[in-house]
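Hello,

Here is the structure I promised to pass on to you. Have a look at it first, and then read on for what turned up.

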Amino acid sequence: MNLIIRLLVTAIVAYLLTKILPGVHFEGFSGAIIFAIVLGILNLILKPILSILGLPLTIITLGLFALVINAVIILIADYFIDSMKVDGFWWALIFSVLLSIITSLANSMFSDGD
């Protein structure tokens with residue numbers, strides 16, 4: 001049940017962010033749900049690989065390269081989802097930072113205190 005709540009929170013936040021960020025677009029809320037599912041899969045499979053490969057750059061940049069990895073994950077999700085469009089790397093970076101911050105806050109509000 002916790003996974004479904006997290007996916008819904010991510011989808012809602014992503015959909016609302018597209019309303020205020022002109023560089024990221026969804027065709028509808030169903031596109032945001034698909035995005036949340038694809039993002040979860042990419043974070044599970046691809047993000048650890050990219051994090052290990054980018055570890056030297058992450059250390060050199062004091063962790064800022066992790067933001068680039070998050071933006072690349074967003075761009076890869078955009079490639080796989082037809083109902084989503086990101087206008088460029090910088091929009092993906094802004095979107096990923098805001099999505100991370102807001103979903104973390106929202107998930108902490110909905111957590112059951114385990």
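**The pocket and the helices around it**

Four helices, α1 (2-20), α2 (29-53), α4 (65-80) and α5 (89-110), each give at least two residues to the lining of the largest pocket. Please keep in mind that this is a predicted model.

The space in the largest pocket comes to about 390 Å³. Its lining is made up of 17 residues, and those nearest the centre of the pocket are Thr10, Leu39, Asn43, Leu99 and Thr103. Sorted by class, the lining holds seven nonpolar, eight polar and two charged residues.

**Helix α5**

I went to α5 next. Its 22 residues should span 32 Å at 1.5 Å a residue, and the C-alpha atoms at its ends are 31 Å apart, so the two values agree. Which residues of α5 are buried? They are Ala92, Leu93, Phe95, Ser96, Leu99, Thr103, Ala106 and Asn107. Two of these, Leu99 and Thr103, have already come up among the residues nearest the centre of the largest pocket. The cover over the buried residues of α5 includes the helices α1, α2 and α4, and also the strands β1 (24-26) and β2 (84-86).

The 19 residues of α1 reach 27 Å from the first C-alpha to the last, close to the expected 27 Å at 1.5 Å a residue. Its buried residues are Val9, Thr10, Ala11, Val13, Ala14, Leu17 and Thr18. Among what covers them are β1, α2 and α5.

What does Val9 contact, leaving aside its neighbours within four places in sequence? The partners are Thr103, Ala106, Asn107 and Phe110. Along the chain, Val9 and Thr103 are 94 residues apart, yet in space their C-alpha atoms are 6.6 Å apart.

Lys19 also lies in helix α1. Is Lys19 buried or exposed? Its relative accessible area is 57%, and because exposed means over 50%, Lys19 is exposed. Lys19 and Ile4 are 15 residues apart in sequence, with 23 Å between their C-alpha atoms.

Asn70 has a relative accessible area of 18% and is buried. Not counting residues up to four places away in sequence, Asn70 touches Lys47, Ser96 and Ser100.

Leu67 is partly exposed, at 33% relative accessibility. With its neighbours within four places in sequence left aside, Leu67 is in contact with Leu93, Ser96 and Val97.

**Ser83 in its loop**

Where does Ser83 lie? It sits in the loop between α4 and β2. Its relative accessible area is 16%, and since under 20% means buried, Ser83 is buried. Setting aside residues up to four places away in sequence, Ser83 touches His25, Phe26, Glu27 and Gly31. Ser83 and Leu99 are 16 residues apart in sequence and 18 Å apart in space, C-alpha to C-alpha.

**One salt bridge**

Side chains of opposite charge can pair when their charged atoms come close. How many salt bridges does the count give here? The count is one. Its two side chains belong to Asp87 and Lys85, and the distance from N to O is 3.2 Å. The limit for such a pair is 4 Å, so the contact between Asp87 and Lys85 qualifies. Asp87 is partly exposed, with a relative accessible area of 41%, and Lys85 is partly exposed too, at 47%.

If you open the model, you might begin at the pocket residues Thr10, Leu39, Asn43, Leu99 and Thr103, and go from there to Val9 and its contacts on the list above, including Thr103.

Best wishes

Conventions. Residues numbered from 1 in each chain as written. Predicted model: local features only at pLDDT ≥ 70, side-chain atom pairs only at ≥ 80, totals over all residues. Heavy atoms only, no water. Buried < 20%, exposed > 50% of the residue type's maximum accessible area, 1.4 Å probe, protein only. 1 Å grid on protein atoms, 1.4 Å probe; cavity = no way out; pocket = protein on both sides within 12 Å on 5 of 7 lines; lining within 4 Å. Points joined across faces, edges and corners; volume = space filled by probe spheres on them. Nonpolar A, V, L, I, M, F, W, Y, C, P; charged D, E, K, R; others polar. Expected span 1.5 Å × (residues − 1). Contact = heavy atoms within 4.5 Å.
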